[in-house]
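I opened my notebook to look up a few residues, one at a time. Have the structure in view and follow along with me.

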Amino acid sequence: VQLQASGGGLVQPGGSLRLSCAASGSSFSVIAMRWYRQAPGKQRELVAAIPRSGETTYADSVKGRFTISRDNSKNTVTLQMNSLKPEDTAVYYCYVLHVLGASWGQGTLVTVSS
């Protein structure tokens, strides 16, 4: 299973970005989709998760600002990020748990700076 992430970039504080990740490959069944991030000098952390049921969970630091969603028919997951802060600067990775195992996207850089 291959993951292709897109949507990162440079944005000013208070701005918005939308990250997308598409899963492709042989026939598989997705169990859960997540977004992680890793800031310079820090460990990778879970940002948001959405299982097949659609019930979402978020890191406390992004609650109320980020929204994760998925399209089961297209095996895509999206992270809408609003009211971005400099501390949101990180490489964002999509992650998909599926019946064949787990896959990571290549990472997309989000920089929040004025």
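Is Asn75 buried or exposed? I looked it up: Asn75 counts as buried, at 16% relative accessibility.

**Ground rules**

I am reading a predicted model, where local features need pLDDT of at least 70, side-chain atom pairs count only at pLDDT 80 or more, and totals for chains, interfaces and linings use all residues. Residues are numbered from 1 along each chain as its sequence is written, and side-chain values use heavy atoms, with hydrogens and water left out.

**Entry on backbone angles**

I stayed with Asn75 and found it in the loop between strand 7 (66-71) and strand 8 (76-81). Strands here are DSSP runs of E with at least two residues, numbered from the N terminus. Asn75 is not a glycine, yet its phi is positive, about 55°. I noted this because most residues other than glycine have a negative phi.

I then looked up Ser83, which also has a positive phi, about 50°, without being a glycine. I found Ser83 in the loop between strand 8 and strand 9. Ser83 is partly exposed, with a relative accessible area of 41%.

**Entry on the disulfide**

How many disulfides does the structure hold? I found one, taking a disulfide as a pair of cysteine sulfur atoms within 2.5 Å. Cys21 is joined to Cys94, with 2.1 Å from S to S. I read 50° about the S-S bond, and the link of Cys21 and Cys94 is right-handed. Cys21 sits in strand 3 (residues 17-24) and Cys94 in strand 9 (residues 90-98), so this pair ties together parts that are 73 residues apart in sequence. I also noted that Cys21 and Cys94 are buried.

**Entry on Arg37**

Where is Arg37? I located Arg37 in strand 4 (residues 30-38). Arg37 is buried, with a relative accessible area of 6%.

Next I checked its partners. A contact means heavy atoms within 4.5 Å. Apart from neighbours within four places in sequence, Arg37 is in contact with several residues, including Gln43, Ser61, Phe66 and Val91.

I looked for polar contacts too: pairs of N or O atoms within 3.5 Å where, within protein, one must be able to donate a hydrogen and the other to accept it, and residues adjacent in sequence count only if both atoms are side-chain atoms. The side chain of Arg37 makes one with the side chain of Tyr92 at 2.9 Å, and one with the side chain of Asp88 at 3.0 Å.

**Entry on salt bridges**

A salt bridge is a side-chain nitrogen of Lys or Arg within 4 Å of a carboxyl oxygen of Asp or Glu. I counted four salt bridges by this rule.

One of them joins the side chains of Arg37 and Glu45 at 2.7 Å, N to O. Glu45 is partly exposed, with a relative accessible area of 34%.

Asp88 and Arg37 also meet in a salt bridge, at 3.0 Å, N to O. This pair links distant parts of the chain, 51 residues apart: Asp88 in the loop between strand 8 and strand 9, and Arg37 in strand 4. I put Asp88 down as buried, at 0% relative accessibility.

Which residues are linked in a network of salt bridges? I wrote down Arg37, Glu45, Arg65 and Asp88.

Asp60 counts as exposed, at 65% relative accessibility.

Methods: Helix = DSSP H or I, 4+ residues; strand = E, 2+ residues; numbered from the N terminus. Buried < 20%, exposed > 50% of the residue type's maximum accessible area, 1.4 Å probe, protein only.
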